[in-house]
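Please read these notes with the model open.

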Amino acid sequence: MHLEKYARSIREFGKEGKLQAAIDAFASIKLGCSTMSSSLPYNSVVDACVQCRDLQMATKYFEEAKEHDLADVVSYNTIIKGHLIAGDMVAVNRLLTEMTEKGVQASHVTFHSLLHASVQTGERDAAWQWLSQMRNAGLAPTSVTCSILLKIVSRPSHGADMSRIMSLIKEIESQIDE
């Protein structure tokens, strides 16, 4: 069985809004495997559910992945994305805590999703708090981080934010030189 091929088609069905087709493709993978040993099919079906805005179904498959010890950082990032779309920060924070407890290391993607959501909702202070947590997790800001943060500068009164972002850009440039 070609998991990558099936996973790609599951994600494509999700992008096309064909959730039942994605679920059927996932079910056919499960039928063809005596034991699922890859997180890829689960991550794909969770993504399809999130794409189709069915967070309840996404959560069902995410929980199933966890039961089989197949939930990885991609799984968490995808379900977090679903909760961010739904505006459920309580669930997002619960998932971040769970990641830490289970030893799943948050990635730049994790924090960039959180930063982007904060910027989209105009929560400048929250964006800076996520940046701080990102650094505490041992992840240095990147050009993507700065690009997201630049979106919070929308008025002249946000000049202090611009200064902080420019300092980050200089920090990134000096890291590249080293």
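1. Aspartate 69 lies in the loop between α4 and α5. Helices here are DSSP runs of H or I with at least four residues, strands are runs of E with at least two, and both are numbered from the N terminus. Although aspartate 69 is not a glycine, its phi is positive, about 55°. With a relative accessibility of 71%, aspartate 69 counts as exposed. Here exposed means over 50% relative accessible area, buried under 20%, and partly exposed in between, with a 1.4 Å probe and protein chains only.

2. On provenance, this is a predicted model, in which local features need pLDDT of at least 70 and side-chain atom pairs count only at pLDDT 80 or more, while totals for chains, interfaces and linings use all residues. Residues are numbered from 1 along each chain as its sequence is written, and side-chain values use heavy atoms, with hydrogens and water left out.

3. The loop between α3 and α4 holds arginine 53. Arginine 53 is not a glycine either, yet has a positive phi of about 60°. Its relative accessible area is 59%, so arginine 53 is exposed.

4. Helix α4 has 13 residues and runs 18 Å from its first C-alpha to its last, close to the 18 Å expected at 1.5 Å a residue; the expected span is 1.5 Å times one less than the number of residues. Its buried residues are Ala58, Tyr61, Phe62, Glu64, Ala65 and Lys66. The cover over them includes α2 (19–32), α3 (40–51), α5 and α6 (89–102).

5. How are α3 and α4 set against each other? They pack at an angle of about 165°, and their axes are 8 Å apart. Axes are lines fitted to C-alpha atoms, for helices over the stretch in contact, and angles run from 0 to 180 degrees between N-to-C directions. The angle makes α3 roughly antiparallel to α4, a term for angles over 145 degrees; those under 35 are roughly parallel, 65 to 115 roughly perpendicular and the rest oblique. The crossing of this pair is left-handed, that is, the near helix is turned anticlockwise from the far one by less than a right angle, clockwise being right-handed.

6. In that contact (heavy atoms within 4.5 Å), α3 supplies Tyr42, Val45, Val46, Cys49 and Val50, and α4 supplies Met57, Ala58, Tyr61, Phe62, Glu64 and Ala65. By class, the contact of α3 with α4 comprises 10 nonpolar residues, no polar ones and one charged. Ala, Val, Leu, Ile, Met, Phe, Trp, Tyr, Cys and Pro count as nonpolar, Asp, Glu, Lys and Arg as charged, and the others, Gly among them, as polar.

7. Helix α4 (residues 55–67) also packs on helix α5 (residues 73–86), at about 155° with the axes 11 Å apart. The two are therefore roughly antiparallel, and α4 passes α5 in a left-handed crossing. Leu55, Ala58, Thr59, Phe62 and Lys66 in α4 meet Ser75, Tyr76, Ile79, Gly82, His83 and Ala86 in α5. This contact has six nonpolar, four polar and one charged residues.

8. Helix α5 has 14 residues and reaches 20 Å between its end C-alpha atoms, close to the 20 Å expected. Buried residues of α5 include Ser75, Tyr76, Ile79, Gly82 and His83. The buried residues of α5 pack against α3, α4, α6 and α7 (108–120).

9. Two single positions may be checked as well. Alanine 7, in helix α1 (residues 3–15), is buried at 0% relative accessible area. Leaving aside neighbours within four places in sequence, alanine 7 is in contact with Leu40 and Ser44. Isoleucine 148, in helix α9 (residues 143–150), is buried at 8% relative accessibility. Not counting residues up to four places away in sequence, isoleucine 148 touches His112, Leu115, His116 and Val119.

10. As for the whole chain, the secondary structure comes to 10 helices and zero strands. The C-alpha trace spans about 55 × 35 × 30 Å along its principal axes. Of the 178 residues in the chain, 40% are buried. Among contacts with a separation of 6 or more, 57% join residues 24 or more positions apart.
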